[in-house]
Amino acid sequence: MADSTLPIGGAIDLTPPGEVYGTWLEQVHEWVVTVDHKKIGLMYIAYALIFLLVGGVEAILLRIQLAVPHNNFLSPEVFNRIFTMHGTTMVFLMGMPLIIGFGNYLVPLMIGARDMAFPRLNAFSFWMTSLGGLFLYYSFIGGVGLQGAGSAPDVTWWAYAPLTERAFSRGHSTDYWALALIVSGFGTIGAAVNIIATTLCMRCKGMTLFRMPLLVWLNLVVAGMILVTISPLTAAQIMLVIDRYLGGHFFDSQAGGSPVVWNHFFWIFGHPEVYVLVLPAFAIANEIIPVFSRKAIFGYPAMVAASAGIGIISLSVWAHHMFTVGMNSASNAFFVLSTGLVGVPTGIKIFNWLATMWGGKIRFATPMLFCNAFLIQFLFAGLTGIMLSVAPWNWQLHNSYFVVAHFHYVLVGAIVFCFLGGFYYWYPKMTGRMLDERLGKWHFWLFVLGFHMTFDFMHIPGLLGMPRSIYTYEPGRGWDGWNMIVSIGGFVQAVATLIFVYNLVYSYFKGPEAGPDPWDAWTLEWATASPPPDYNFASEPVVSSRRPLWDLKHPEDPDSRYE
Amino acid sequence: MSASTIPLAHGSANDGWMPYKGTVGMLSLIVAETAIFGIFVVAYVYYIGKSISGPLPRQVLDVPIFNTVCLLSSSLTIWMSERMLKKGAMGAFSLWWALTVVLGAIFLAGTALEWKKLIYKDGLTISTNLFGTTFYSLVGLHASHVIIGLTMLSIVLIFALTGKLKSEHSHQVEVLSLYWHFVDAVWVVVFTVVYIIGR
């Protein structure tokens, strides 16, 4: 290549940027009206980061209250609101925006497209999601409820009926929960429609479906799942609003309705939802692990099939959240088996990641550290999940801290860890600067320490019978010391997170310049400048294998010869 | 050698054909809407016969044959109008399209009359009993989708009558007609569940 050391010479416009920043107001206006997938992606990610911190503060408050028995740091009413908001925030205002933000940013770049299929729908989806979330938080000031003003929802994040019916949840706190999530859900469905249309219709020349990066495949599966996952929640919440405001009887047992119907509808949403959250984490691992093992991903077709399999099977397992509700044995058995079945494609993925690393030349930069921790932690989380999927075991541990420990192990130990790895990996692309490696390692090791202090030991009070959703507990049950360790671990994680936030801000101004391809990676997003220009690629890329940049950097040994 | 392109080895596995993004987007939306309607249908079916008071379906529901024929015919008329558009016969397009709007409006009016009778004569509201709750929710959800569809169809009709719509827009019009066919298909399911199985 005559013009530069860059692998795809014509793809990058090398004219020096002559952009002139307008006034502060003009810059804000640009971001508010943008339809560019990169800016929208960054707004989603920033929104998720803010709510990660808010949800984290809520968690710290909960852990202070639970650190010692008979504590009165938080009243029971406040405790109920805080843990409801913690769960709702982390799932809907942190998790979903984070996965949609990364998907929005990366999918068009990875398929060689200029933008998403429907840019204005993209903007609309972001604003619906974000404003829905702000509406939820307005409840802290505006939600007049049973306990007077300032009533955030206090009905747990799964909001079982009949607690949520008008008679038992006076005032508007539950309405904030339902309406905020309905609004936010429209945004999520819009984003899913966009990702599907973009992936199926806007790939660059030569990129067949089986040459797409696995991240794009997983986002496609996730988008398909979102269509059939969020919709049941929206339907159930509409039913709840009808019950609360129009005198409906969907969940009203006095009129012949059944609160268990809410359980079913909610978990028909709720279980696939957690797979919606975890599959993008797999997507990130699929990109990071090969690059830092210097080896292509092992078993690409099996990974595609396993991802689709997980997506489909996960739609059939929901009632493993309801083993204690009183279904008959045949139903219980069905859900035990289907839940066990979903472990099979998941296991295939874990083995393939290990096989990718085996024989590779591993480089333990910060992204790889987070992904390796993910592998170990996700395995353990999956094992406790399989334990919980066995109905008799579940009857002992349903609604105990064992369950809380299990799902935080997945949510934090797998999902947050992978996304942190993703931050370190793609921050150079998004901002043009590298994150500081030393701070990154401090962040990683402190976070691992805090995570394990909290969530390893949390299993024990659960096994000893400590229920969830209680605002305090008696001394002398054997739970005391464990809760204290769990709480201290929370503070360690908080310190680690603050180091991360400092790194994000500091490196934006002082970090070393990244260039287009700091990690020597292989997918198309690394073929353009960092940060990419508005139009992404100066000329449409043409690919002939799964690793187009490898082909260009190694013309004597292209992947296209082997695929 | 062109620095920005890689020679395609073994030829490209696809011939570069990809579907129209509007169609894919609308089909995705239809999948999501199917899931929402599915939940309401499941609730309706589960609660059949479980009302503990109030009017029963069999006592108050008249099978809306005329309404259904109108709505399902509107699928035919919209298909006809699409054929006219592809040929460039704008006058014929507008005629068939307007007929679609009229048939949809007749369906809505029929629903409104049915509800008026149910509320004022039979005393059935959304809060009367389980049947009332599930009936008005399900049929109402469908009717609201008909309203949205009619609004969009009317906008397209205005574009056609003012000469702005051309035959090269047939892809976009096809996307809207997909939505309309979906609304009709949902009615087939709702009709079967409410007026045949549930009675």
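Reader: In chain B, what share of the contacts with a separation of 6 or more comes from residues 24 or more positions apart?
Author: That share is 85%, where a contact means C-beta atoms, placed from the backbone, within 7 Å. This is a predicted model, in which local features need pLDDT of at least 70, side-chain atom pairs count only at pLDDT 80 or more, and totals for chains, interfaces and linings use all residues. Residues are numbered from 1 along each chain as its sequence is written, while chains are lettered from A and ligands numbered from 1 in the order in which they are written.

Reader: How many helices and strands does chain B have?
Author: Chain B has six helices and zero strands; these are DSSP runs, helices being H or I of at least four residues and strands E of at least two, numbered from the N terminus.

Reader: And what box do its C-alpha atoms fill?
Author: Roughly 80 × 40 × 20 Å, along the principal axes, for chain B.

Reader: Switching to A:F168. Buried or exposed?
Author: A:F168 is exposed because 12 other C-beta atoms lie within 10 Å; 12 or fewer counts as exposed, 20 or more as buried and in between as partly exposed, with C-beta atoms placed from the backbone.

Reader: Where does A:F168 lie?
Author: A:F168 is in the loop between α4 (119–142) and α5 (173–201) of chain A.

Reader: Which residues does A:F168 touch?
Author: A:P162 and A:L163, leaving out residues up to four places away in sequence.

Reader: How far is A:F168 from A:V228, by C-alpha atoms?
Author: The C-alpha atoms of A:F168 and A:V228 are separated by 30 Å, with the two residues 60 apart along the chain.

Note on methods. Two residues are in contact if their C-beta atoms, placed from the backbone, lie within 7 Å.
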